[in-house]
Amino acid sequence: MTHFDKFFGLKAITLTAALSLSAGLALAGDNVTSGQILDALKPKAPVTRGLSAGPQADPAVQAKESTFLNTVRNRPTRSLSTGEREQIAELAASKPKIDLEIQFDYNSADIAKTSVPSVQALGKALSDPALKGSTFVVAGHTDAIGGEEYNQGLSERRADTIKKYLVQNYGLNGTDLVTVGYGKTKLKDTANGADPINRRVQVVNMDTKTASK
């Protein structure tokens with residue numbers, strides 16, 4: 001049996017809406033704070049054994065997830081296959097995540113000036129001791145303008161740009177940041193594919209450990 005037999009696409013969510021997390025909600029907008037990001041990405045405490053709200057995480061599944069992450073941890077973003085990208089998306093379904101408004105200049109991997117504060121807030125959040133030792137997926141997305149192959153490459157470069165910024169400015173370990181690009185395959189606004197909000201980044205905490213108190 002495998003837990004990787006169901007296709008999962010990263011759901012597009014509007015910036016003003018509540019973002020669906022593994023256990024709870026977080027809001028992200030134009031002025032997202034490091035505190036909001038931190039709260040969204042913190043591992044959630046397991047359900048008390050006496051409360052029948054669902055089974056505990058299967059150690060075998062966790063081990064399988066860890067093994068897979070280790071195969072992509074140090075890989076160049078562009079080297080990931082379609083199957084690997086979708087497997088990352090599937091695993092992200094049950095992890096703490098946040099869809100950030102990190103905009104990029106049109107047809108570019110350069111971070112828009114208006115989005116620099118959001119990237120800085122992300123850096124502060126990922127540097128917090130509560131997230132120490134976690135592995136994060138940084139997923140890049142484009143709008144629907146242009147061909148699939150070009151947009152795929154552009155989304156990968158955008159994810160790499162965020163990783164480079166975080167490593168250079170916040171001293172994060174590059175091996176703890178797995179970058180992946182989804183091109184225009186997972187639009188935030190499917191009804192308006194050309195909208196700039198589709199040029200964004202999603203961050204997922206792939207670890208299943210709970211934050212210590």
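Biologist: How many of the 11 residues of helix α3 (residues 82–92) are buried?

Modeller: In this predicted model, local features need pLDDT of at least 70 and side-chain atom pairs count only at pLDDT 80 or more, while totals for chains, interfaces and linings use all residues. Residues are numbered from 1 along each chain as its sequence is written, and side-chain values use heavy atoms, with hydrogens and water left out. Helices (H or I, at least four residues) and strands (E, at least two) are DSSP runs numbered from the N terminus, and buried means under 20% relative accessible area, exposed over 50% and partly exposed in between, with a 1.4 Å probe and protein chains only. Helix α3 is mostly covered, and its buried residues number 8.

Biologist: Which elements do the buried residues of α2 pack against?

Modeller: In α2 the buried residues are Val 61, Glu 65, Phe 68, Leu 69 and Val 72. They lie on the same side of α2, because they cover an arc (taken from the directions from the helix axis to the C-beta atoms) of only 100 degrees around the axis. Judged by contact (heavy atoms within 4.5 Å), these buried residues pack against α3 and β5.

Biologist: Is the aromatic pair of Tyr 165 and Tyr 170 stacked, edge-to-face or tilted?

Modeller: Rings of Phe, Tyr and Trp (its six-membered ring) pair if their centres lie within 6.5 Å, and planes under 30 degrees apart count as stacked, over 60 as edge-to-face and the rest as tilted. A search of the whole structure finds 1 aromatic pair. The ring centres of Tyr 165 and Tyr 170 are 6.5 Å apart and their planes stand at 40 degrees, so the pair is tilted.
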